[in-house]
Amino acid sequence: MTDSASTSKVDASFSQLLSRKPTNLWQDAWHRLLKNRASVLGMCVIGFFALLAIFAPVIAPYTALAVPLPSNTLRQAAWVNTGNPATTGDWRFPLGTDTVGHDVLSQVIWGARTSMVVGFIPMVLIITLGTIIGLISGFAGGWVDNFLMRLTDVVYAFPDLLFFIIVMSALRDTPIGALLNGLFLLFAALSIVNWVGVARLVRGQVLSLKEKEFVEAARMVGASNARIMLRHILPNSLAPIIVVAAFLIPGAILTEAFLGFIGLGIRPASDPSAIFQTSWGMLLLWGKDAIRGQPWLLFAPAICIALIMLSFTFVGDGLRDALDPMMKGTN
Amino acid sequence: MSTYLIRRILYVIPVLFIVAVVTFVIMHATPGGPWDAEASKRTSDPLFLEKLNQRYGLDKPLFLNTYAFAQAKTNGANPAELAQALLDGQFPNYLWNLLHGDMGPSLRMKGRDVNEVMFFSSTDRPFWTSRFGTTALIGLLALGIALLVGLPLGILAALRHNTIFDYGSLFFATIGYGIPNFVLGVFFIIIFAVWLEWVPVITPAIWMEDSNMPNLSAAFLPSLTLAIPTAAYLARLTRASVLEVMGRDFIRTARSKGLSERIVVIRHMLRNALIPVATVIGPALAGLVTGSFIIENLFGINGIGRLFVESISRRDYSMIMGTTLFYALLIALANVMVDVVYGFLDPRIRMK
């Protein structure tokens, strides 16, 4: 009696398993990611900042360059009453203004745009470049591999931050540095430094995958090298590439913020219709001088950077756990 | 082991050479020079500039002096003299002086050498109050704080696994590792300096005027800020490592022998769990080294990181080379240390 009950239970769970909708690796990973509360929270915050970035001209009360209320005092955040009508907060400027009269809230919203672009575009460039070089290096072997790997050694040896500081300060005032308010130079510098890690990772994947039976099978049926690389090896090494990509984004955002903070970030726009007008790093630099007079000029960009960095860390951790369940909990 | 060690240390030399070449090329490709920065309105007499360039060797070719070489050849010089003439360029001269421990005169600080600015203080004060001493003090204090906070936090979190303490420490670790430390530093300055007024906004001198001893109350906040990401990373790693060791058979054996909990934890658990942690001290040091740029600029501390950033904007060529090579050396040594510790702990790596 008990025996048949347990058997039917097993049958039930078994048939449930069989009747489950067929899923693939990516759907499974996606479900695991959705179960991770911190990651979901992180994705929401990133989504929020992405919306701010895309719709900055609509959302922000003013452009980042507009001077809605010219003054030479720091207007406090809206809820602060200093007793002086020139500095007391005003809800038209929720986070106050700087000495020139720029609205801090608008500046922060426009800054989100720069940060998001700095996070995503170099990531795409780095992943593309790194993957191509890694695939070629791992697949070709021989002197090509040797040459490319020595090249990665050279780039790897150069301290990142030193390189960024030297390149940004050296080339900022040249025509290259002026492209896209200096964003082009920043993208280039970030890509030159970071492709190395991706290339090494992909090469390692290729070296281990190309000995596997499914590659041998593909070769047996006459698949070309390009087909083996793109249809068999690349899709199987996507998971670690995605995890690396997730961590490249906050790295780039952090680099931009730090460079802006020491005055070497993007160049402030002078044209009010410019797409990228200001950056959080630049706001931190200005805010630091106003630390006593108007703490929100410093606080607002600092909170934004902290939030976005934390969100990307959560999502990155979540992705790693979701794509590679064996790694879970092992840092 | 010793050949492995020597090989790893020798590896630093090509790394430094590459760093020197790249820095030198970018530096000289930069518009502007040491004599004109900031004084864009004031133009010096061209004759005077020529004299200055001659005095500091900036009139020579950057790499190979083919002009002197050709001249020497027509004069029928011997091969040694020919080589000397060919290598009379700015970069070979710099390297030659560097090998003799001379990093050249600063081009922007009148009458001072790069060595002196980086490693010595003013004449009547001991050498440790120099910029190097300041950077080193902040870095060592930060390493101390990171170890003192990170290790116990990670160990306790693992021993009290899945309790409120564990979650608290994980929360701290995620915050510390996710939020960049210069942003944390901004929060610290606002909270401790502006709101609570415990410390001044501008960090006072790290070395006291009269006694030449470190002013720990001034150095504390910068060191703490620098230490936090490292502490968080150590806590995460220690926790994972202790948790892994806790489930091993030899721990069960130790317990079943009737050893006291204290001995099991200290002698059996921690000894094994701290091995992987020891291997990350190297990267942690490298992180502290690069972190010092950020912290010195944020807190306004007169160390080498700030000197580096300042000398770039002033186009002080010899100072840029000196500070860049200094940082590159520290980071390269930290990386070597990683390999050495790994090699020491895992004999398989040495064989490669």
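I count two residues as in contact, or touching, if their C-beta atoms, placed from the backbone, lie within 7 Å. This is a predicted model, where local features need pLDDT of at least 70, side-chain atom pairs count only at pLDDT 80 or more, and totals for chains, interfaces and linings use all residues. Residues are numbered from 1 along each chain as its sequence is written, and chains are lettered from A and ligands numbered from 1 in the order in which they are written.

I looked up A:Ala189 first. Leaving out residues up to four places away in sequence, A:Ala189 touches A:Phe163, A:Phe164, A:Val167 and A:Met168. Helices here are DSSP runs (H or I, at least four residues), numbered from the N terminus.

**Entry: A:Leu248**

I found A:Leu248 in helix α12 of chain A, residues 238–261. Is A:Leu248 buried or exposed? It is buried, because 25 other C-beta atoms lie within 10 Å; the cut-off for buried is 20 or more, for exposed 12 or fewer, with partly exposed in between. A:Leu248 touches A:Met123, A:Ile126 and A:Asn194, again not counting residues up to four places away in sequence. From A:Val80, A:Leu248 is 168 residues away in sequence and 39 Å away in space, C-alpha to C-alpha.

**Entry: α12(A) with α14(A)**

I took axes as lines fitted to C-alpha atoms over the stretch in contact, with angles from 0 to 180 degrees between N-to-C directions. α12(A) and α14(A) pack at about 170 degrees, their axes 9 Å apart. They are therefore roughly antiparallel. My classes are under 35 degrees for roughly parallel, over 145 for roughly antiparallel, 65 to 115 for roughly perpendicular, and oblique for the rest. Contact residues include A:Phe247 and A:Ile253 in α12(A), and A:Phe312 and A:Arg320 in α14(A). By class, this contact has 17 nonpolar, two polar and one charged residues. Ala, Val, Leu, Ile, Met, Phe, Trp, Tyr, Cys and Pro count as nonpolar, Asp, Glu, Lys and Arg as charged, and the others, Gly among them, as polar.

**Entry: α14(A) with chain B**

I turned to helix α10 of chain B, residues 181–195; α14(A) packs on it at about 140 degrees, with axes 9 Å apart. That makes α14(A) oblique to α10(B). A:Leu298, A:Phe299, A:Ala302, A:Ile305 and A:Ala306 meet B:Val183, B:Val186, B:Phe187 and B:Ile190.

Conventions. Helix = DSSP H or I, 4+ residues; strand = E, 2+ residues; numbered from the N terminus.
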